[in-house]
Amino acid sequence: MTRFLGKTLAAAGTAAALVLATAVPADAAPTTVEQDVAQLYQYVTDLYDGLPANALRGVDRLIESPIPRIGPRSRAAQGPIPGCTEGSLLTYANKLAAQLTPLENQAFNALSGLSQLYVQGVASDKTPQVFGTDGQYTPRATDTIDRLRAFWDIESWNIQLVAWKGTDLGSQAKMAQTFSLGLAPAKVKDAAALATKVLYEVPALQGGRHPLLTLNAFSAPADSLGGKRVALGDGLLDTVNVLGFDDVSVESVVGHEYGHQVDFAHENYPRNESSEMGPDAYGGYFVAHAKGYAWNARTQQEVTYLDASIGDCYHSHGTPDQRKAAGAWGEKQATSQGNPNRIVPTATMIEKFQKVYPKLMPPADQPAAAVAAARG
């Protein structure tokens, strides 16, 4: 068991058991598809083991996927928080994952890990990026990143916004580039061909369009593989649309992920829930600010509910109440400041949030917003 795979499975708990489960009776010979999936899984594991030591440093996905991807592991070391109910987006994703057979789960694990590595280490905004399964979110994504680059006072010209698309798995050329990041050169061609083969021989993958393959987003710092970037998954956008947050989806998610770049610029890497709740707050400030999107109170509230939908119950990314409270705090900073056109410097914003952060971390059975209000 490799170092990345071992850590991932340890964090994934019972879901990992599905990955390793035998899809057929022990006395039955594996089918060609099962052999293909097992071999691809090994290729992807070897690929991650061959990456440079700092390749995944600082990369933090928006949600803890129900598919235990090979790669960056969850920081959730404790059991579920008593009395906590996970957010609607995680509930929906877990429902999709529960429909998979053990074989499909293993194929998703390998290919979702591979697609994340492609968008992190190979994809580039030097080629036109298409956001959404049918390109429907491209104008909004482009507008959002342009506004964010102008809004925050950090070096921004080299922060790429790239589309995370499961259909990229169907390109042998792109997969060969990806495997070349860490797999032995002699295996790259065969591994790339096998990736595209599995993509089409496992019907559940829908040729790369199943939302679980790209149901996420992430931000990566300058010294990680591929450099500064924000990746926006098609599967995440599709799922947020199903849940009714389409009006604010792109702007909220990209604003959050760009918030990580704010932290990266100041070498702020918290080892607690503030690593995710801070970007919620910065994103809330951006969408509510007169020089951001200046969204009204109703739309601001929709953003906080989207923040809550991503909350988990594992002392990892923040509970739904905590995520909602962080986003609302950021929005309030924008709407209550004396000069509506003043943009708080990023260093000051980080400092202000770190001071208020403890107030947003009540016991799980108390609403975060109520506790924060009580403490002033």
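Throughout these legends, a helix is a DSSP run of H or I with at least four residues and a strand is a run of E with at least two, both numbered from the N terminus. What you're looking at is a predicted model, where local features need pLDDT of at least 70 and side-chain atom pairs count only at pLDDT 80 or more, while totals for chains, interfaces and linings use all residues. Residue numbers start from 1 along each chain as its sequence is written, and side-chain values use heavy atoms, with hydrogens and water left out.

**View 1. Asp-143 and Arg-147 pair up along helix H6.**
The side chains of these two meet in a salt bridge, 2.9 Å from N to O. (For a salt bridge, a side-chain nitrogen of Lys or Arg has to be within 4 Å of a carboxyl oxygen of Asp or Glu.) Asp-143 and Arg-147 sit four residues apart in H6, about one turn of the helix. How accessible is Asp-143? Asp-143 comes out at 30% relative accessibility, so it counts as partly exposed, and Arg-147 is partly exposed too, at 33%. Here buried means under 20% relative accessible area, exposed means over 50%, and partly exposed is in between, using a 1.4 Å probe and protein chains only.

Asp-146 is partly exposed at 42%, and Arg-149 is partly exposed at 23%.

**View 2. Arg-140 reaches from helix H6 to Glu-251 in helix H10.**
Their side chains meet in a salt bridge of 2.8 Å, N to O. Arg-140 belongs to H6 (residues 138–151) and Glu-251 to H10, so this pair ties together parts that are 111 residues apart in sequence. Arg-140 is partly exposed, with 22% relative accessible area, whereas Glu-251 is buried at 6%. How many salt bridges are there by this rule? The count comes to 15.

**View 3. Asp-307 is buried without a salt bridge.**
You'll find Asp-307 in helix H12. Which side chain of opposite charge is nearest to Asp-307? That's Arg-323, 5.7 Å away. For charges, Lys and Arg count as positive and Asp and Glu as negative, while His and the chain ends are not counted. Skipping neighbours within four places in sequence, Asp-307 is in contact with Asp-280, Arg-323, Lys-324 and Gly-327. A contact here is heavy atoms within 4.5 Å.

**View 4. One disulfide turns up in the whole structure: Cys-84 to Cys-313.**
A disulfide is a covalent bond between the sulfur atoms of two cysteines; the cut-off used here is within 2.5 Å. The S to S distance in this pair is 2.0 Å. The partners come from distant parts of the chain, 229 residues apart: Cys-84 is in the loop between strand E1 (60–61) and helix H4 (88–98), and Cys-313 in the loop between helix H12 (297–309) and helix H13 (320–336). Is the disulfide left-handed or right-handed? It is left-handed, because the torsion about the S-S bond is about -70°. Both cysteines are buried.

In H14 (residues 346–356), Thr-346, Met-349, Ile-350, Phe-353 and Val-356 are buried. The buried residues pack against helix H10 (249–265), helix H11 (274–288) and H13.

**View 5. The largest nonpolar core holds 102 residues.**
A nonpolar core is a set of buried Ala, Val, Leu, Ile, Met, Phe, Trp, Tyr and Cys residues joined through side-chain atoms within 4.5 Å. Leu-111, Trp-152, Phe-179 and Phe-353 have the most contacts inside this one. The largest share, nine residues, comes from helix H5 (residues 102–121). Setting aside residues up to four places away in sequence, Leu-111 touches Leu-40, Leu-169, Ala-195, Val-198, Leu-199, Leu-205 and Leu-213.

**View 6. Glu-267 and Ala-294 have positive phi values.**
Most residues other than glycine have a negative phi. Glu-267, in the loop between H10 and H11, has a phi of about 55° and is exposed at 58%. Glu-267 is also linked with Arg-57 and Asp-223 in a network of salt bridges. Ala-294, in the loop between H11 and H12, has a phi of about 50° and is partly exposed at 45%.
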